[in-house]
Each structure stands twice: as C-alpha cells, then as structure tokens.
Amino acid sequence: PTTAVGGNAMVRVLHLSPDAPEVDVYVNGGDTPVVEGLAFNDGTGYLEVPADTYSFQIAPAGTSVDDAVLEISDLPLEADTMYSAVAYDYVSNLSALALVDDPAGIDALEVRYQVTHAAPGVGEVDIWVITDAGASPLLENVPFGATATLDVPASAYTFGFDVDDDAVPDVI
C-alpha cells in the first residue's frame, strides 16, 4: 500500500539487530503479540491501526511482554501516515527509530528511498550508485543511526557502500 486510509495510520516493523534472536512485538502492554517470531533482517508488511498514541514492547520470541528488552513509549501515530519502526544495534545497545514514510512531493517519474545506517560496528559510510559508466556517491559520511531520504529518477539501481572511506564501494 502507498497510503493509509480511513483516518488510520500504517506501521511496519523492521528487525535490524544482528545478535538479537527472533522477537515478538507487543502493543500497549497487551498479553498477545501483534507480531510474532520476527527474525533479523526481516520486516512486516504495513499494519493498519487507528490513529492514536501507542507504546511498543519488543521481547524475545515466545516470551511475554514482561520480558521486553526494548520499549518505545508514547509514540503518536497520526491518521493517513505511514511509519517504519526499526529496532537496530547490538542487543547490549538496542535502539529504535520511528521513521515517517512520507510519499508526499515525489515526482511521478521518481522513487524515494529511505536510507538508514543501522550496521553496528561500522563507522561512517558513503552510499554510491553503480552504473555501467562507473560509481558515483549519493551520500557521504553517513554516521551510524542516521537516516535520510533520496528522491531519484525511477529506474533499476545498484547501490554500493564504502565502509572504509577509500572512495571504493566495499559492499554492493
């Protein structure tokens, strides 16, 4: 889906903590998880919820809300808005981001990428677009935990990531 409807909000959950087990996600301290067994590098589709203020608890899969290792409290989810809730970093420093997935103002011939540096243990990165003609930087010196949006012409892209600041993409 590209928009929330009927005065509701839409939220998806992304698990980006590489040393965390599968997790269950609870809402407002409820007894039943709304997301179960979410593994590292996986995410849900958008879940439509009434616009309101929510608290989210993240617990190891198969445990209870009382075992939550991360809580995001009092997060307002506005009507007709899409969000990505991201848990990232190592378990010892587990953090969360609530990103607004805003499609407003995208030209009909463009796409918008939401870029987040969520790779723990990796310093600043440069993000490159790679074409047959070579590689060129899109974003430089992106610090861990930072997020940005990129509007680019609609096309198939190959992205590269320079993790050692030598102007050569290390991961493609």
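User: Val171 is partly exposed, with a relative accessible area of 44%. In which segment is Val171 found?

Analyst: This is a predicted model, in which local features need pLDDT of at least 70, side-chain atom pairs count only at pLDDT 80 or more, and totals for chains, interfaces and linings use all residues. Residues are numbered from 1 along each chain as its sequence is written, and side-chain values use heavy atoms, with hydrogens and water left out. Strands are DSSP runs (E, at least two residues; helices are H or I, at least four), numbered from the N terminus. Val171 is found in the segment after strand S13 (158-162).

User: Does Pro120 count as buried or exposed?

Analyst: Pro120 lies in the loop between strand S9 (110-116) and strand S10 (125-131). The classes are buried under 20% relative accessible area, exposed over 50%, and partly exposed in between, with a 1.4 Å probe and protein chains only. Pro120 has a relative accessibility of 11%, so this residue counts as buried.

User: Which residues is Pro120 in contact with, leaving aside its neighbours within four places in sequence?

Analyst: Contact is taken as heavy atoms within 4.5 Å. With those sequence neighbours set aside, the partners of Pro120 are Pro18, Asp89, Tyr90 and Phe144.

User: What separates the C-alpha atoms of Pro120 and Thr53?

Analyst: Along the chain, Pro120 and Thr53 are 67 residues apart.

User: What part of the 172 residues in the protein chain is buried?

Analyst: The protein chain exposes about 9,300 Å², and carbon and sulfur atoms supply 52% of that area. Such areas come from the Shrake-Rupley method with a 1.4 Å probe; for residues, only the protein chains shown count as cover. Of the 172 residues, the buried part is 33%.
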